[in-house]
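Here's a quick walk through a two-chain model, written to be read with the structure open beside you.

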Amino acid sequence: MNGQKQKFSELKKQAREAMAGRCGTLVGATAINLFLTFSCSLIPTLIFSGTTLYDIIFLNLTLFLFSLLLSLFQAGYLKICLSTLRGEPISVGDMLYAFYHHPDQYVLMFLIINGISSVIALISSIPGFQYLSSPSAELTLGTALSIEAELSSLMNVYVYKLIGSLVSTLVLVPFSLSTFVMNDAPGIGPIQAIRQSFAMMKKNFFRYILLLLSFLGLEILASCSCAIGFLWVMPYMQITMAAFYQERKDVLYPASEPVGYDTDSFGSGTDL
Amino acid sequence: MTPENYDPNTNESGDSYQSSHPYGVPEGQRPGPYQHYQQQPPVQPPRRTGSQALAAASMVMAICSFLFMLNMGSLFFGSLGVIFALLSRGAGRMSGTAKAGLAGCTIGIIVGICIMYAFLLFNMVSGGSTNLLERYYNQYMQEYQMTPDNGTTTDGNTI
C-alpha cells in the first residue's frame, strides 16, 4: 500500500492485527503510562490551590516541568506502539527508551511542544483567575442563595478552559508525528523532527482530526467502564496513529529510507 | 541431520510427529525412514487473526452485565465487553464467541439503562425521590451550618 492514502478501517485493521497476542505487554505499559499521567497532573494541583495569580503561575510552571518528564515516558510508550505495529519484540522496559537514546534531543523537542501547550493553557486560565479575584466572587462563594449564579460563573471558567484545550489540540496536530519521527531516527534534531512532522501532516490535517474523532465511541465506552477500558483502547488508538505515521512515511519515503536525513529539504540533522 | 542422531519419529527440523498430531500418527500413515528426505512443501505458519482470549473475556463480561443488571453494573461490564469484542476481531471477521459477547453486552447495557430509568420514573411518580433529595439537601445544609433560605449560618453569622 506504499504511496497511497489508506482508509481508516485499514489502519485500524493493521492495529488490531498487531495487537493480537501482545495485549499483556501493551496493557501493562498503558497502565504505567496512565498512572504517571494521573500522578503528574494530581501532585501540582494538590500543592498549589490556583486561587491567586502566583499560585496559577507556579501551578502551570510545575505542570510544565512534570509534563516534560512525562513526555519522555510517552515517547517510550509510542516506541512500543510503533514496534508492535512492525512486529518487532516489545517489553514494558521500552518505556524508558527516550532516557537512553539522546534524551537531550527529546527534551528540547518537548520543550517546544509543551511550551506552546502551556502558554495556551495559561491564557485560557486567565478568565478563571479574574473571576476568583473579583469582589463578587468573594460575596457569592459559599452562600446558599447564589448557588445558581456561582454555578454559571464556574461554568464560564470551565468553558474558557475547554476552549483553551480545544485550541491547544488543534494547534498541536501538526506536531503530533514528531515523536514517531524521533523514535524512528534517534539523534535527529528537534527542529528537524518537527519539520518532518509538518511535512507529513501537510494536506492531512483534517484527516488526522477525523481519525482522532473516529475513536470517540470507544472513548465513551471506556469512560463508562470507570476508565478501565482505556487500558485496551489507548494502545489501539496509538498503534492506529503509528499506522498513520507509517503510511505517511511510505508516501514521503517510498524506498523506506531513514526519516530525518533528507538533507536537501530539511538541512543537517544537528538543528538546535 | 546426521545418521548418528537420526530418529524416524522426528522430521528434519527436529519436531516430533507426535507433537504435531494430537493423537500421534496412525500406524498405516507413519512415514518410512527415507520419506523424510522427500521435498516437502513449506508449511505456512497459521496467520494470527484476532484474539480468542479477548473474545472469551467479552463473553464473560456479557454474563457479568446480566448478573449485575439491577445495580448499574451492567454499564460497567457491558462497555468493557463491547470493547473486548471489537478488539478481538484482528484482521479477520469477528468469531462466534465475540459476536455472542457483543450481543450479550449490548442487551445488558440497554436493559440495565432501561431498568435504571424505570426505577427513577417510579420514584418520581411515587414522590420517593423528591423526599430523598429534600432530606439530603437539608442534611447538607445542616452539615455546613447553613440555613437554606438566606445564606446565613445557624449561629447567626453571614457567610
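## Confidence in chain B

Chain B of this predicted model has an average pLDDT (the predictor's confidence in each residue, from 0 to 100) of 70, with 56% of the residues scoring at least 70. Go element by element and helix H3 (residues 73–87) of chain B comes out with the highest mean, 92, while helix H1 (residues 17–20) of chain B has the lowest, 40. Helices here are DSSP runs of H or I with at least four residues, strands are E runs of at least two, and both are numbered from the N terminus.

A contact means heavy atoms within 4.5 Å. Where pLDDT is low, the predicted coordinates should not be read in detail.

## Chain A and the overall scores

For chain A, the mean pLDDT is 81, and 82% of the residues reach 70 or more. Its residues 260–272 fall below 50, with 33 contacts in the model beyond near neighbours in sequence. The model as a whole scores ipTM 0.79 and pTM 0.73.

## Ground rules

Residues count from 1 along each chain as its sequence is written, and chains are lettered from A and ligands numbered from 1 in the order written. Local features need pLDDT of at least 70 and side-chain atom pairs 80 or more, whereas totals for chains, interfaces and linings use all residues; side-chain values use heavy atoms, leaving out hydrogens and water.

## Helices in chain A

An unreviewed UniProt entry puts "transmembrane region" at residues 21–47, 53–73, 106–126, 158–177 and 205–233 of chain A; such annotations may be inferred rather than shown by experiment. In the model, residues 53–73 of chain A are 100% helix and 0% strand, with end C-alpha atoms 31 Å apart. Residues 106–126 of chain A are 95% helix and 0% strand, and there the ends lie 30 Å apart.

Helix H2 (residues 23–47) of chain A and helix H13 (residues 230–252) of chain A cross at roughly 100°, their axes coming within 9 Å. Axes are lines fitted to C-alpha atoms over the stretch in contact, and angles run from 0 to 180 degrees between N-to-C directions. H2(A) and H13(A) are therefore roughly perpendicular (65 to 115 degrees; under 35 is roughly parallel, over 145 roughly antiparallel, the rest oblique). Residues in this contact include Leu26(A) and Asn33(A) from H2(A), and Trp232(A) and Pro235(A) from H13(A).

## Helix packing in chain B

Which way does H2(B) run relative to H3(B), roughly parallel or roughly antiparallel? The axes cross at roughly 160° and come within 8 Å, so the two are roughly antiparallel. Among the residues that meet are Leu54(B) and Met61(B) in H2(B), and Phe77(B) and Phe84(B) in H3(B).

Helix H2 (residues 52–67) of chain B also packs on helix H4 (residues 96–126) of chain B, at about 30° with axes 8 Å apart. That pair is therefore roughly parallel. The contact takes in Ala55(B), Met59(B) and Phe66(B) of H2(B), among others, and residues including Gly101(B), Cys105(B) and Gly108(B) of H4(B).
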